[in-house]
Amino acid sequence: MRMNARELNCHKICEALRLPTRVRILQELIKAYPNRLTISKLQEITSEPRMTIWFHINKLRESNLVELDGSRRGFRAATRALTIRLNGNGIRLEETE
């Protein structure tokens, strides 16, 4: 069975949130929203190595949960809200602005 774009996005979100470090990074970005956090600040908060933070941020960006702030000075949680609905037919992802 071929997945459509929304199912693929939902898959990426689930994949991105499967590791506790990524969830923690996203939680910190949500707490700081609408402000941004730099890699250095996230490193300070999580005590993870810089390259590890970059790796996890990239996974969160691929799933559209995190975005690079326009000023290129840090990252923030995505501005659009995502709602995941579970039902008897599987998982459906809805975007709201």
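Helices (H or I, at least four residues) and strands (E, at least two) are DSSP runs, numbered from the N terminus. The model shown is predicted, so that local features need pLDDT of at least 70 and side-chain atom pairs count only at pLDDT 80 or more, while totals for chains, interfaces and linings use all residues. Residues are numbered from 1 along each chain as its sequence is written, and side-chain values use heavy atoms, with hydrogens and water left out.

**View A. Thr 79 in the loop between strands S2 and S3.** Thr 79 lies between S2 (75-77) and S3 (81-87) and is partly exposed, with a relative accessible area of 45%, where buried means under 20%, exposed over 50% and partly exposed in between (1.4 Å probe, protein chains only). Not counting residues up to four places away in sequence, Thr 79 touches Tyr 33 and Glu 67, contact meaning heavy atoms within 4.5 Å. Glu 67 is twelve residues from Thr 79 along the chain, and their C-alpha atoms are separated by 8.3 Å.

**View B. The contact of helix H2 with helix H3.** Arg 24, Ile 25, Glu 28 and Leu 29 of H2 meet Leu 42, Ile 45 and Thr 46 of H3. By class, this contact has four nonpolar, one polar and two charged residues, with Ala, Val, Leu, Ile, Met, Phe, Trp, Tyr, Cys and Pro counted as nonpolar, Asp, Glu, Lys and Arg as charged, and the others, Gly among them, as polar.

**View C. Buried residues of H3 and the residue just after the helix.** Ile 39, Leu 42 and Thr 46 are buried in H3. The buried residues of H3 pack against H2, helix H4 (50-62) and S2. Just after H3, Ser 47 takes a positive phi of about 60°.
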